[in-house]
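Here is a short note to read alongside the model. Please keep the view open as you go through the points.

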Amino acid sequence: MCPMSRKLHPMAQFHYCKKQRGSMLVIALFIIIVLAILASTMLTMFAASADSVVSEVYGQRALNAARSGVEQAVSGAFPLSGASNCPANYNFTFTNTPGLGNCSYTSACDVVSVDDSGDVYQYFRITAQGSCIAGDTVVSRNVSVEGIQ
């Protein structure tokens, strides 16, 4: 409704109110469209953020799985007692380990004998690739260690 003004003549008041008819509808539609665009943009950003968090969390888990593979191979290559046993390839899947479900690693150990003026050393290169699966997303990380004995 158009507010009554005491300053305007009743006939002028009628023409003034007639010109304003429907302007509120245009403003309301504009506000609804702007809010819909804003909501759509925010939903897209939240979905991208959620995917990023999943990749980051499973990336850290894959890194921990790869580190486990390297540590297992290092303990075989450099035992506290007994002969060195560095397996060429080793696969392991975590089943009952909290935090590493759906994760696995593959480790490899290469040994090269190095002769340094009659002294023979064993040069070890140990690599591991950890991978974790989260639905359709597969995240993997690599860790490499070198050592000489």
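1. Start with serine 140. This residue is found in strand E4, residues 137-148. The model is predicted. Serine 140 is partly exposed, because its relative accessible area of 34% falls between the cut-offs of 20% for buried and 50% for exposed.

2. Next, the surroundings of serine 140. Leaving aside residues up to four places away in sequence, serine 140 touches Ala62, Gln129, Gly130 and Ser131. Tyrosine 58 is 82 residues away from serine 140 in sequence, yet their C-alpha atoms are 8.4 Å apart in space.

3. Now the strand pairing. Strand E1 (residues 89-93) and strand E2 (residues 103-116) run antiparallel and are joined by five bridges. E2 also pairs with strand E3 (residues 119-134), again in the antiparallel sense, over 14 bridges.

4. The hairpin of E2 and E3 has two residues between the strands. There, serine 117 takes a positive phi near 55°.

5. Last, the helix surface. Leucine 35 lies in helix H2, residues 23-77. Is leucine 35 buried or exposed? Leucine 35 is exposed, because its relative accessible area is 52% and the cut-off is over 50%.

Technical notes: Residues are numbered from 1 along each chain as its sequence is written. This is a predicted model: local features need pLDDT of at least 70, side-chain atom pairs count only at pLDDT 80 or more; totals for chains, interfaces and linings use all residues. Side-chain values use heavy atoms; hydrogens and water are left out. Helices (H or I, at least four residues) and strands (E, at least two) are DSSP runs, numbered from the N terminus. Buried means under 20% relative accessible area, exposed over 50%, partly exposed in between (1.4 Å probe, protein chains only). Contact means heavy atoms within 4.5 Å. Two strands pair if DSSP finds at least two bridges between them.
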